[in-house]
Amino acid sequence: MTDLRAFFGWTIVLLLTPLFVFVLIGSGSQVHSMKSIPAFLDEKIPLHSLPLLQNSYIFDRDGGKISVIAVNNQRRVYTDLGDIPEAAKQLFVVSEDRNFYTHKGFDMNGIARAVLVNVKNGSLDQGASTITQQLARNLYLTHERTYNRKMSELLYSWQIERKLNKDKILESYLNTIYFQNNIYGIGTAAEYYFSKPLKALSLAQTAYIASIPNNPALYNPLKRPDAVKKRQERLLKQLLDAGDIKGPAYEKAVSEKIKLDVQKVPDLYPDYTTYVHAELKQLIADNEGLKTVLPSDIKKLEKRTEEVLGSGIKIETALDPAMQEKAVHETADLVPEKDVQASAVVINHLTHSIIAITGGKGYEKMGFQRGFQSRRQPGSAIKPLLDYVPYMEKTGAGPSSLISGAAFCKNGYCPENYSKKFYGMVTLKQAFQQSYNTPAVRMLDSTGIERGFQYLEPFHFAKLAKESRQLRAAIGGMDYGLSPLELTGAYTAFASDGVYSQNHAITRVTDLKGHVLYRWKDHSERVWKPDTNQKMRELLQAVIKNGTGKKAGHSTPGFEGGKTGTTNDYNDLWFIGLNNTYTAGVWIGKDGNGSVESVYKRGAHLQIWKDLMQPLN
């Protein structure tokens, strides 16, 4: 029964193809209201460009390649025809489509030959597809074996032949075909299987990879090298029989021992590259005016980002590999508890560049990245931004000004100091460096909660609009909280005289030829006055010199300042601070909350910060 269907099916294709050709030839004479087939195809299959996905790349600050991005797992490095050796072209023309340079997209002789072979064998194994048809199938159609698809393939093939010359068709075909192991295109195959460019391959190596596309699963070099070798020899024999190579070249190629050198694709610094993927979406939205409010907006942005990545781009970043490695190692080594997590962020505030960001211990790429996705209560680390700056701006107070450290109660809210003690009149400097709570709450109450929150708006904290405006926020009691990146980024304003500029990992995005596609359209905003900033720097410095952050200090000269933060029941530990070049933040806690008091007692968050700020050798 199968034999009979194969016979009639191929007979139909054979009979319809001349009719198809006749219609195409006769379509030049147009009937009144009917479009010609060429005009119809131009409308339905415009072929402005061929939809080939290409690799994209992420680079560190020194231009080192750290990650290759393959959309839909299609790894492809597009190779121009001029960079494809003649032997590679001949191998595919001889084995796949000997009449390629003379037919118009389909080969009547090939179809007839396929019919006879398939009828004889009682199968559909023998194809009649030309290189053009295979290109049409790979780009626009499915690989299902139906006669409807076969006729559609003929239409697409004819359109491709009308629009593209033979060289472009062959170039596109050689960049489209599949070479197993998510490798697409002959240039990509050369680099993957032999770790060198296609031009550098020997004839034997070229024929070896050319053997794969005929049946990629069967001819998989990593699993069935012997099968690939046998097909390679058959291809070389076809070249010899066609007169494309001489006997000595054939003998040398057949006898050459094939040794694979599989390319190791870089995929380094998963914590950082995961953030880069997220930031790329923001960059595209910023440059193209795309909204990110509704779910439909997000979906549209994700689709656009995939299109950009699939077009082949270079993403240049500010990553400092040494600092990134240091951050990963420090958080792992100093927080060995299995159920406790840690994240660190380092920003060069001179260039507003994110040079390191960790997603958590044992982080795996595209997993939950705590550095920018986790939002936790900030504890006292929020005091500089929400309490002290607004209070000093309103009152003109300074480090030596006095404020009450006595008990405070308002509308049932009665915060305590960490020591469970209350104090009389204390200086702002003393209250800050020892992280007293009641003075901080008094400051926010005096300034006004809404006024205090206005000082947070320039930092664009993601959940700020949803936060409840209550006095408990003065000491970090927030509904949603902040990510380590958000809080660290806000502190960079203390390095810029009270002016805040957004900080980014991506410096620019170019196409594969180096033409700039995207840059940040940033603006700076003054958040507080220069004299207020100077006062705050004195307070931040006091924390490290004689306060709760003393263990984080270095003996080396130069400015260092920061602020600790500890939430109720030791659920979260923070230290955010800066020196003359870097602003860094460290967070430690459990994903599902829970006490980390033992980590607090040994000061791991302070030690991590100290080690990160130690000059790199």
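How many disulfides does the count come to? In this predicted model, the count comes to 1 disulfide. The legends below begin with an overview and then turn to individual close-up views.

**Figure 1. Overview of the protein chain, with its 23 helices and 16 strands.** The protein chain comprises 617 residues, of which 52% are buried. Contacts between residues at least 6 apart in sequence were examined for their separation along the chain; 69% of them join residues at least 24 apart.

**Figure 2. The disulfide formed by Cys-409 and Cys-414.** The sulfur atoms of Cys-409 and Cys-414 lie 1.9 Å apart, and a pair of cysteine sulfur atoms within 2.5 Å is taken as a disulfide. The torsion about the S-S bond is about 125°, so the disulfide is right-handed. The two cysteines fall into separate accessibility classes, as follows. Cys-409 has a relative accessibility of 53% and therefore counts as exposed, the threshold for that class being over 50%. Cys-414, with a relative accessible area of 40%, is partly exposed.

**Figure 3. An open sheet of 5 strands with antiparallel pairing.** The strands are arranged in the order S7-S6-S16-S15-S14. Strand S7 (353–357) and strand S14 (560–566) form the edges, each pairing on one side only. From one strand to the next, the twist averages 15°.

**Figure 4. Pairing of strand S6 with strand S16 within the sheet.** Strand S6 spans residues 341–348 and strand S16 spans residues 582–589. The two strands run antiparallel and are joined by 8 bridges. Asn-348 stands opposite Tyr-582 of S16.

**Figure 5. Packing of helix H10 against helix H11.** The axes of helix H10 (residues 225–241) and helix H11 (residues 247–255) come within 10 Å of each other and cross at roughly 175°. H10 and H11 are therefore roughly antiparallel to each other, a description applied to angles over 145 degrees. On the H10 side, the contact is made by Lys-229, Gln-232, Glu-233, Leu-236, Lys-237 and Leu-240. Gly-247, Tyr-250, Ala-253 and Val-254 contribute from H11. By class, the residues of this contact are 5 nonpolar, 2 polar and 3 charged.

How values were computed. Residues numbered from 1 in each chain as written. Predicted model: local features only at pLDDT ≥ 70, side-chain atom pairs only at ≥ 80, totals over all residues. Heavy atoms only, no water. Buried < 20%, exposed > 50% of the residue type's maximum accessible area, 1.4 Å probe, protein only. Pairing = 2+ DSSP bridges. Helix = DSSP H or I, 4+ residues; strand = E, 2+ residues; numbered from the N terminus. Axes fitted to C-alpha atoms, helices over the stretch in contact; angles between N-to-C directions. Parallel < 35°, antiparallel > 145°, perpendicular 65-115°, else oblique. Contact = heavy atoms within 4.5 Å. Nonpolar A, V, L, I, M, F, W, Y, C, P; charged D, E, K, R; others polar.
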